[in-house]
Amino acid sequence: MNMQPAWIRDWRFGALALGLTALLVSGVAPAQDSGERYVVDAAQSDLHWLVYKAGALSRFGHNHTVAAGDLSGNVVVNGGDLAKSQLELQFSVAKLVVDDPKLRSTLGEEFASVPKEDDIAGTKRNMLSERVLDGEKYPQIRITGTGPMMAGGMQELAVKVEMLGRVIDLKVPTAVTIDGDQLRAKGEFELKHADLGMQPFSALAGALQVGETMSFTYDVTARRAAR
């Protein structure tokens, strides 16, 4: 049975993804100049999230993966005050990748089943519908943010996710390293549908539904822009 992720408030990462995706600097060396710009390397970056089945009839559904298919953006590193560094990311909802077999194969037993092509197409169609992401009216998800800043001994970014005509404020954990001209940021976090102002998909009086919690993962690489 096709579980329609009527959440994707996406976001993830993105969105968030969704967010989601924090390309700022936590471990940036002091030698970095203020205002150094880095451009996202989409081929070396990943932003995806996991949606889990729930309900008494969940055995008839699948857990789902959703990944940003055309992630782009840049980061401006403020070497003098990292908390003022800025990021901007975006991806189109039409190019979200649902239930990629390669990704599912890395996620263990919970994602061992492989939905049929027709089920995947149906899931994406429902996801882009007016009821969920309304892809025709809101074709892109955009993430902007500042940071990093310390909170409870951890690095985090303050991000704004722009989707469905509204802006959602989130705090996203991050770990960033810079090696030569390459900046890499990665992290994992969970969000509830309610965090994005969305209701999870439910059918058959709740016997078949999407779980409230979604798990986001990002591993984003950016390269120093030519001056």
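Is K171 buried or exposed? K171 counts as exposed, because its relative accessibility is 54%. Buried here means under 20% relative accessible area, exposed means over 50%, and partly exposed lies in between (1.4 Å probe, protein chains only). The structure is a predicted model, in which local features need pLDDT of at least 70, side-chain atom pairs count only at pLDDT 80 or more, and totals for chains, interfaces and linings use all residues. Residues are numbered from 1 along each chain as its sequence is written, and side-chain values use heavy atoms, with hydrogens and water left out.

K171 forms a salt bridge with E156, with the closest N and O atoms 3.9 Å apart. E156 lies in strand 9 (residues 154-163) and K171 in strand 10 (residues 166-173), so the pair ties together parts 15 residues apart in sequence. Helices (H or I, at least four residues) and strands (E, at least two) are DSSP runs, numbered from the N terminus. E156 counts as buried, because its relative accessibility is 18%. A salt bridge is a side-chain nitrogen of Lys or Arg within 4 Å of a carboxyl oxygen of Asp or Glu. By this rule the count is 9 salt bridges.

D169 and K160 form another salt bridge, and their closest N and O atoms are 2.6 Å apart. D169 counts as exposed at 52% relative accessibility. K160 counts as partly exposed at 40%. R184 and D219 also meet through their side chains in a salt bridge, at 2.6 Å from N to O. This pair links distant parts of the chain, with R184 in strand 12 (residues 182-192) and D219 in strand 14 (residues 208-224), 35 residues apart. R184 is partly exposed, with a relative accessible area of 33%. D219 is partly exposed as well, at 21%. A network of salt bridges links E36, D181 and R224.

Strand pairing was examined next. Two strands pair if DSSP finds at least two bridges between them. Strand 9 and strand 10 run antiparallel and are joined by 8 bridges. Across this pairing, V161 has I168 in strand 10 as its bridge partner. The two strands form a hairpin with 2 residues between them, and L164 in the turn has a positive phi of about 55°.

Strand 9 is also joined to strand 8 by 8 bridges, and these two strands run antiparallel. A151 stands opposite M154 in strand 9. The hairpin of strand 8 and strand 9 has 2 residues between the strands, and G152 takes a positive phi near 60° there. T144 is placed in strand 8 (residues 140-151). T144 counts as buried, because its relative accessibility is 17%. Contact means heavy atoms within 4.5 Å. Leaving out residues up to four places away in sequence, T144 touches L87, E88, A158, V159, K160 and E162.

Helix 2 (residues 117-128) has 12 residues, which should span 16 Å at 1.5 Å a residue; its end C-alpha atoms are 17 Å apart, which agrees. The expected span is 1.5 Å times one less than the number of residues. I120, G122, T123 and M127 are the buried residues of helix 2. Seen down the axis of helix 2, these buried residues fall within an arc of 165°, so they line one face of the helix. The arc is that of the directions from the helix axis to the C-beta atoms. The face turned away from the buried side carries the exposed residues E117, D118 and R125.

Strand 4 (64-67) and strand 7 (97-98) are among the elements that cover the buried residues of helix 2. In strand 4, H64 and V66 point one way, T65 and A67 point the other way, and all are buried. In a regular strand the side chains alternate between the two faces of the sheet. Strand 4 and strand 7 run antiparallel and are joined by 2 bridges. A67 stands opposite V97 in strand 7.

The largest nonpolar core has 42 residues, and those with the most contacts inside it are W49, L71, F91 and L96. Strand 14 gives the most to this core, with 5 residues. A nonpolar core is a set of buried Ala, Val, Leu, Ile, Met, Phe, Trp, Tyr and Cys residues joined through side-chain atoms within 4.5 Å.
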